[in-house]
Amino acid sequence: MFAFVTVVLPLAGAGVIAACASRHTLVPSLALVFALITLCCAVVAAATGAAFDLPWVPSWGARLTLEADALGSLLALLAAAIGTTIIAYSGPYITHELHERAAPKTEVGRFFAFMLLFLGGMVGVAFARDLILLFLFYDLTAVCSYFLIAFDRSSGTARRAALMTMIVTGIGSIALLAGFLISSAAVGSLDIRELTPTSLPRGVKESTAALIAFAALTKSAQVPFHFWLPRAMAAPTPVSAYLHSAALVAVGVFVLLRLEPFLDDTVAGSMLPYLALLSIAVGSVIALGSDQLKQILAGSTIAQYGYVVFLIGAGGEAGRAAAPLYLLAHAIAKSALFLTVGVISYATGEDRLSRLGGLITRMPLLAMLSAAAAGALAGLPLTIGYFKDEALFEVALGRSVLFSAAAVVAAGLTFAYTARFWIGLFLGNVVGRAPLPHAPTGLILPIAVLAIAAIVGAVVPNVLARLASAAGSSTGMPAHLDLRYALDIPLVLAICGYAIGATIYATRRSWLPRMKGMLRLASRLGPAAVYERALTGLNRLSDRAHHLEVRDLRDRTAAIMVPAGALVAVASIAVFGELRLAVSPFRPDHVPLLIGIAAVAVAAVMALVSRTHLVLVLALSAVGYTLAAVYALLRAPSLALVGVLAETVLTILLLRAFTTLPIGTLREEEVEEGRASTQKRRHRIAGVVAGLIAFIVALSALSAPAGPSVADAHRRLSERIHTPNSVSAILTDFRGLDTAGEATVLGISLLALAMLLAQRNVR
Amino acid sequence: MMSTVAAGLVAKLVLVMSWAVAFAFLVKAHAEAGDGFSAGLVAGTGLVIHYLVLGRVETERMFVVRNAMTIAGAGLLLVLVPLVAPAMLGMPLLTHYPARGHPPLALGTLALHTRLLIDVGVFALVFGFAVSVIRLMAPSSEREDEP
């Protein structure tokens with residue numbers, strides 16, 4: 001039950017906040033209360049291992065199944081704890097930002113509603129045991145991220161970044177759904193527990209693994225889908241601190257962890273470590289070469305999630321346990337650093353490393369706190385980060401020398417960019433204008449909480465190891481990790497890493513310009529450029545197709561009629577031998593029918609040659625009325641009734657509309673068209689051909705020998721449902737779905753018409 | 001508009017009669033010829049004539065004319081409810097009540113069952129559509145659309 005409450009509470013909170021968004025001073029504290037209670041519920045759920053199960057869509061076998069297992073609890077606690085911290089931080093920060101932008105204060109409600117919604121989505125992803133449910137929460141996080149990144153609606157950059165995030169991760173989530181459906185179809189269950197790796201055929205397993213890995217790589221911003229993350233930095237800083245360090249990007253690797261049995265022993269699974277190393281390289285280059293503070297952190301996030309993917313891909317008992325530990329340590333350190341950036345830009349209004357420096361004298365407390373976080377990111381001893389690096393080395397050593405070397409270099413790179421970030425900000429000469437006297441305590445306190453967590457984690461390695469081992473083994477495969485301070489090979493490697501990092505940092509003047517050049521080149525040729533080009537191309541294609549269709553009424557009609565006609569013609573040719581064209585022998589009771597048909601023909605010809613709209617309308621309505629009379633003669637009263645009524649309304653409306661047109665309009669059009677007489681001839685030929693084909697098809701259909709008609713069954717069933725009028729029975733019951741569809745079309749076209757005409761009236 | 005007193009009277013009478021006929025079509029729909037669609041068209045035609053004869057101001061005094069869009073929307077909703085509601089209860093779409101073969105509630109000779117809701121919905125939708133279109137086209141009629 002607590003698992004359920006933990007998921008529903010933030011979702012409900014989002015609704016409450018959206019409802020009382022107008023009381024903007026109340027909203028931040030309300031959001032904090034909701035987040036805190038969610039955190040408490042998550043703790044209880046994690047402690048009791050609470051499960052919740054409810055049939056949801058029984059016909060699909062989808063259940064509302066939530067369970068707080070070790071892995072899920074870890075992510076849920078992480079998301080709730082960091083979420084609470086950041087919601088506390090956002091109160092003063094967002095109010096300040098809205099004030100700076102001169103935006104209405106009620107926007108606060110939108111921000112916190114989406115933050116809580118996102119928190120609910122995260123807890124849902126963590127606890128979901130049903131694949132469909134997992135997918136829904138996965139997408140909920142994506143939708144929230146769209147609105148949170150584009151929170152500043154006036155900024156085009158933010159909107160474009162949000163769209164890019166949505167498209168890239170959205171393609172991933174469609175792949176995820178496809179993977180889920182393929183595997184669940186093969187196994188016959190949507191429960192994650194029942195999808196054991198042995199139960200899948202080879203091909204299914206490979207394709208599922210590829211789809212899931214693809215989805216996770218897009219979500220966790222891994223190469224070659226990493227490009228959305230640096231752009232997503234257009235989001236408000238608390239959003240980046242939450243989504244782009246601890247939560248949204250964590251969902252990707254969480255899905256990998258959750259579904260690890262799928263990846264075991266597959267091509268996609270074995271590719272992961274190499275893609276991860278590539279991500280570490282690319283992310284490090286971004287982090288080393290960028291000037292904007294948030295870009296540095298974004299690059300670092302790409303690289304750090306590369307480590308996690310590496311750990312998962314490298315696998316083994318240690319890897320399985322190390323990945324959750326890494327997730328935890330990184331989330332704490334990185335969100336604290338993002339919040340630090342927020343405080344600095346709050347106080348100084350600057351967001352570039354080159355325009356900042358020597359802040360330690362102005363903000364000593366912030367410097368100390370962020371030193372703890374930076375130390376944790378760089379893997380220094382006495383912080384939680386030390387153990388994440390130790391775990392990394394242990395896993396790499398267990399695999400191969402190449403991986404070990406890569407791990408050492410990666411640790412060195414991390415050290416280097418973290419050093420560049422922290423030293424550049426806090427040490428050295430004072431650069432730029434003097435900061436405001438103090439940043440509000442409300443902004444410092446959350447950072448302090450995270451920094452303390454980073455330190456405390458270092459004191460209790462055994463607890464961390466137990467948590468990580470339990471989380472790693474919750475897929476049912478063995479996972480084990482020992483964490484301790486000891487003089488062993490990982491320590492030697494760590495020291496090598498620090499040395500490499502220090503060297504890289506010390507020689508920064510020689511490589512920094514080259515890094516910047518590389519970043520510029522990458523932005524022109526990299527995957528981001530491919531994305532832009534694909535988007536532009538698709539837009540152009542869509543524009544062209546749209547233009548082709550809507551250029552004029554004739555084109556639009558042709559776009560539908562020509563393919564349909566071609567299909568019918570092909571079908572007629574294919575069955576040419578069996579085409580039967582029979583005319584039934586004449587009977588006296590056919591006479592009224594024939595007269596009716598003759599009248600229809602005369603009216604139709606009239607409509608063709610009419611020179612004024614009035615004659616045209618009357619000729620067309622004569623066609624309609626005569627057809628209705630023919631129906632009546634064929635003893636189809638319902639059709640006749642509808643025919644007469646529709647024709648009446650149509651005629652009145654047409655006459656009403658045409659009274660506003662000048663009298664000669666139709667003739668003028670004719671004259672204009674007359675200039676292109678070859679075109680006119682072509683239209684006539686097309687019309688005759690189409691008419692002939694339609695005639696042959698209709699005649700042959702009517703000449704086919706009459707089989708048992710469905711009408712008898714309709715009549716019999718109509719009686720059983722107390723609707724003797726079988727037309728009504730068909731409309732409301734047998735083909736009720738059609739009726740609902742047509743009604744919907746009618747409703748939509750009314751709305752469209754209202755909008756079009758309203759626009760005209762405005763003009 | 002030719003708003004002589006006699007024409008106005010006739011238009012009002014036609015309106016009342018058309019609505020009476022529409023009502024008859026609606027309630028007899030499941031026993032004899034006629035359905036929600038025809039009823040909506042008849043009722044709409046009555047209003048169109050009223051509109052043509054008595055003009056915009058006079059016609060728009062009527063509640064149903066002012067709220068034609070709402071009526072159309074409500075009609076659409078009414079069509080969709082019997083479609084979707086059973087699915088919420090775990091039954092196939094469009095499961096009607098009372099079930100096949102069971103006796104329906106009877107109001108005189110009128111058999112009441114959920115199929116009627118669809119017809120009433122179609123009636124409201126078509127009527128609302130027709131009236132809305134006339135209203136929308138009124139200021140400067142250029143295009144038409146079939147109700």
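**Close-up views of a predicted two-chain model**

**View 1. A salt bridge joins A:D191 and A:R129.** The two side chains meet at 2.6 Å, N to O. This and every other view shows a predicted model. A:D191 lies in the loop between helix 6 and helix 7 (202-219) of chain A, and A:R129 in the loop between helix 4 and helix 5, so the pair ties together parts that are 62 residues apart in sequence. Both A:D191 and A:R129 are buried. Salt bridges with shared partners link A:E67, A:R129 and A:D191 into one network.

**View 2. A:R153 pairs with A:E107 in a salt bridge.** The N to O distance is 3.3 Å. A:R153 sits in the loop between helix 5 (131-149) and helix 6 of chain A, whereas A:E107 belongs to helix 4 (residues 107-127), so this bridge ties together parts 46 residues apart in sequence. Over all chains, the rule gives 22 salt bridges.

View 3. B:R115 is buried, with a relative accessible area of 2%. A:D733 counts as buried too, at 9% relative accessibility. Across the interface of chain B and chain A, one salt bridge is found.

**View 4. The interface brings together 53 residues from chain B and 43 residues from chain A.** The two chains bury about 4,200 Å² between them. Carbon and sulfur atoms account for 72% of that area. Two residue pairs are in polar contact between chain B and chain A, both residues at pLDDT 80 or more. On the side of chain B that touches chain A, helix 2 (36-59), helix 4 (68-88) and helix 5 (115-137) of chain B each supply at least two residues. Helix 5 gives the largest share, twelve residues. By class, this side of chain B has 32 nonpolar, eleven polar and ten charged residues.

**View 5. The largest nonpolar core holds 205 residues.** A:L116, A:F118, A:F127, A:W228, A:Y242 and A:L425 touch the most other members. Helix 14 (residues 316-348) of chain A contributes the largest share of this core, 21 residues. Leaving aside neighbours within four places in sequence, A:F127 has contacts that include A:A3, A:V7, A:A45, A:L66 and A:A76. A second, separate core has 43 residues, among them A:A646, A:V649, B:V79 and B:V122.

**View 6. A:S184 lies in helix 6 (residues 156-187) of chain A.** A:S184 counts as buried, at 10% relative accessibility. Apart from neighbours within four places in sequence, A:S184 is in contact with A:L131, A:S189, A:L190 and A:L195.

**View 7. A:L608 is placed in helix 24 (residues 591-609) of chain A.** A:L608 counts as exposed, with 72% relative accessibility. Along the chain, A:L608 and A:A619 are eleven residues apart. Their C-alpha atoms are separated by 9.0 Å.

Methods: Residues numbered from 1 in each chain as written. Chains lettered and ligands numbered in written order. Predicted model: local features only at pLDDT ≥ 70, side-chain atom pairs only at ≥ 80, totals over all residues. Heavy atoms only, no water. Helix = DSSP H or I, 4+ residues; strand = E, 2+ residues; numbered from the N terminus. Buried < 20%, exposed > 50% of the residue type's maximum accessible area, 1.4 Å probe, protein only. Contact = heavy atoms within 4.5 Å. Buried area = accessible area lost by both parts, 1.4 Å probe. Salt bridge = Lys/Arg side-chain N within 4 Å of Asp/Glu carboxyl O. Polar contact = N/O pair within 3.5 Å; in protein donor to acceptor, adjacent residues only side chain to side chain. Nonpolar A, V, L, I, M, F, W, Y, C, P; charged D, E, K, R; others polar. Core = buried A, V, L, I, M, F, W, Y, C linked by side-chain atoms within 4.5 Å.
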